[in-house]
Amino acid sequence: METLKKATISLYFLLAIFSFSGSSRSILHQPHPQPLESSKINNTQNAGSCSYTVTIKTSCSSPAYTRDYISIAFGDAYGNQVYVPRIDDPSSRAFERCSTDRYDLKGPCTYQICYVYLYRSGYDGWKVDKVTISSYSSKSVTFNYNSKIPNDVWFGFNFCSGRQAVESTAAM
């Protein structure tokens with residue numbers, strides 16, 4: 001009887017966790033972002049017909065602003081990748097401390113987004129709180145960075161099964 005009570009309580013606890021997660025998928029207990037193990041992201045042009053909304057929240061402990069070059073790459077476990085070589089625009093005051101910036105991007109269609117990498121090149125520095133990616137073809141997913149982005153390194157998360165998704169599309 002005691003075992004049944006414990007199992008029931010555990011089940012209710014898990015249901016409560018999933019019900020609070022809402023429609024946006026955020027990986028619980030995410031590890032810290034890591035540098036991309038391969039040398040480069042596939043930097044081919046995004047000739048695609050799918051739309052994505054990328055929301056990037058800059059940390060309140062980031063420098064007041066950044067003039068650094070910022071790039072993003074994200075995709076699914078099947079090698080479909082969206083790559084934007086310059087998402088920044090210093091004249092638009094993007095990526096200021098405590099700000100949230102939204103980008104409407106076009107690129108190849110993907111299945112469920114399971115990785116994201118950011119690239120920063122410059123001297124100002126930049127600390128990202130989180131990145132949320134949504135599209136019509138997959139659930140919204142949030143990657144919690146809460147981390148400074150190192151200079152001249154692709155830095156982020158890969159929750160695809162194995163690491164083959166990004167590495168198979170990486171240009172050597």
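Start at Cys109. Cys109 is partly exposed, with a relative accessible area of 37%. On our scale, buried means under 20% relative accessible area, exposed means over 50%, and partly exposed is in between, using a 1.4 Å probe and protein chains only. Its partner is Cys50, with an S to S distance of 1.8 Å. We call a pair of cysteine sulfur atoms within 2.5 Å a disulfide. Cys50 sits in strand β3 and Cys109 in the loop between β6 and β7 (115-121), so the pair links distant parts of the chain, 59 residues apart. Helices here are DSSP runs of H or I with at least four residues, strands are runs of E with at least two, and both are numbered from the N terminus. Cys50 is buried, at a relative accessible area of 15%. This link is right-handed, with 90° about the S-S bond.

A word on the source. This is a predicted model: local features need pLDDT of at least 70, side-chain atom pairs count only at pLDDT 80 or more, and totals for chains, interfaces and linings use all residues. Residues are numbered from 1 along each chain as its sequence is written, and side-chain values use heavy atoms, with hydrogens and water left out.

How many disulfides are there by this rule? The count comes to 3. Cys60 and Cys98 make one of them, with their sulfur atoms 2.1 Å apart. Cys60 lies in the loop between β3 and β4 and Cys98 in the loop between β5 and β6, so the pair ties together parts that are 38 residues apart in sequence. Cys60 is partly exposed at 45% relative accessible area. Cys98 is partly exposed too, at 39%.

Next, Cys114 and Cys160. Their sulfur atoms are 1.9 Å apart. The torsion about the S-S bond is about 85°, so this disulfide is right-handed. Both Cys114 and Cys160 are buried. Counting bonded cysteines along the chain, the pattern is 1-4, 2-3, 5-6.

Now Ser62. Ser62 is in the loop between β3 (50-58) and β4 (69-75). Buried or exposed? Ser62 is buried, with a relative accessible area of 3%. Its side chain reaches the backbone nitrogen of Lys127 at 3.0 Å. Leaving out residues up to four places away in sequence, Ser62 touches Arg97, Trp126 and Lys127. Contact means heavy atoms within 4.5 Å.

On to backbone angles. Most residues other than glycine have a negative phi. Arg93 is not a glycine, yet has a positive phi of about 65°. Arg93 is in the loop between β5 (81-84) and β6 (100-107), and is exposed at 56% relative accessible area. Asp152 also has a positive phi, near 60°. Asp152 is found in the loop between β9 (141-148) and β10 (154-158), and is partly exposed at 43%.

Step back to the whole chain. There are 2 helices and 10 strands. From the N terminus, the order is α-β-β-β-β-β-β-β-β-β-β-α. Of the 172 residues, 41% count as buried.

Last, confidence. pLDDT is the predictor's confidence in each residue, from 0 to 100. The chain averages 78, and 70% of the residues score at least 70. Over residues 3-29 the pLDDT is below 50. Over residues 163-172 it stays under 50. Where pLDDT is low, the predicted coordinates should not be read in detail.

Definitions and conventions: Polar contact = N/O pair within 3.5 Å; in protein donor to acceptor, adjacent residues only side chain to side chain.
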